[in-house]
Amino acid sequence: MPFLKEGMPLVKESQPPPLGPLSWFLPSLFAAFNVVLLVIFSGLFFAFPCRWLAQKGEWAFPMVTGLLFVLTFFSLISLNFSDPGILHQGSVEQSPMMVHVVWVNHRAFRLQWCPRCGFHRPPRTYHCPWCNVCVEDFDHHCKWVNNCIGHRNFRFFMLLVLSLCLYSGALLVTCLIFLVRTSKLPFTIDKAMAILVAIPAAGFLMPLFLLLLIQALSVSAAERSYEGKCRYLQGYNPFDQGCASNWYLTICAPLGPKYMSKAVWLQRVVAPEWMPVSTLCPSAHCPPVLSGPQPQPLGLYAPGKGPPGSGEAAALQELHASPVLSLLPEAPRRCPTSHSPLRTRCQEHLHLNLT
């Protein structure tokens, strides 16, 4: 058979060594420092320029900025301790020799094998090298909060960016109004604190606004940050269900249960009629091996070389070049939806045992 005839069999790599103490301590310390920095600058703002405005009877400034501070602090803490959608390690029964191909809106994806977690990653699932876990619907790793941004906490990330934009703008406007109204008064500590707060607020406002705009465009087009400039073949994104549906699925749709089971449920057999390829083709009736160049061996996904699921074209080429493809039973049209790590509906799930 042409499958893996010329290639070396894939073996499961050993688990990575335990991380050193500084590898997790310094990022966690940086994330905690950001929280403390937010509290310190907010305290200086409310204690000096905002207090002066409140004493003059303008309570709108402390009320608006106070609500925005509570929203920003809540979203920051929630994002720090949220579950991004971690897929836990698979069972020992799973093997990299098994090829899994799923169809998402008429587009085939060959699931990539994760040697560290021990299962085949669903489409758009990526192994974060900083957290050393596989995250469903991975967007990026945010070092400001020392956490991955994925399926389960992306809405908290959008809320944090939006609240930071509004809060920084409110701080900047309030400090400028305070400086204008006290321009004829002598220089005091209130003015010094207003300038101290206004400078970082102005410096963060424009980058935060650009980040919010980029993320809004990505959500509208159902794209992910880690995919970068990579585009799907022929300009077709199978995950794009329209702007309104994309926003609903990202922000408002139910998240579903957490994946706390030992084995990923995607690895279940979806139909009892599938069988190993070797049993479909007895030696006496096996068609001859095709001449010419043989398909390349199945490779592992290397981080930074492209998005997970980018090997679907190679998988289709191998399947169409195989003489045993016509002998395979028709795959079911629907995958089970319960406990599935896929957010999008699968139309077919084809299992080939290459052992």
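Rings of Phe, Tyr and Trp count as a pair if their centres lie within 6.5 Å. Phe45, Phe46, Phe69, Phe73 and Tyr167 form one aromatic cluster on that basis. The model is predicted.

**Aromatic pairs**

A search of the whole structure finds 12 aromatic pairs. One of them joins Trp52 and Phe178, with ring centres 5.3 Å apart. Their planes stand at 75°, so this pair is edge-to-face. Trp52 belongs to helix 2, residues 49-55. Phe178 belongs to helix 4, residues 154-181.

Arg107 lies over the face of Phe109, at 5.8 Å from the ring centre.

**Cysteines**

A disulfide is a covalent bond between the sulfur atoms of two cysteines. How many disulfides does the model have? The count comes to 0. Cys117 shows the reasoning. Its nearest cysteine sulfur, that of Cys134, is 3.6 Å away. A disulfide needs the two sulfur atoms within 2.5 Å, so Cys117 is in no disulfide.

Is Cys117 buried or exposed? Cys117 is buried, at 6% relative accessible area. Cys243 is partly exposed, at 44%.

**Accessibility by residue**

| Residue | Relative accessible area | Class |
|---|---|---|
| Cys117 | 6% | buried |
| Cys243 | 44% | partly exposed |

How values were computed:
Residues numbered from 1 in each chain as written. Predicted model: local features only at pLDDT ≥ 70, side-chain atom pairs only at ≥ 80, totals over all residues. Heavy atoms only, no water. Buried < 20%, exposed > 50% of the residue type's maximum accessible area, 1.4 Å probe, protein only. Phe/Tyr/Trp six-rings, centres within 6.5 Å; stacked < 30°, edge-to-face > 60°. Helix = DSSP H or I, 4+ residues; strand = E, 2+ residues; numbered from the N terminus. Lys NZ or Arg CZ within 6 Å of the ring centre and 35° of its normal.
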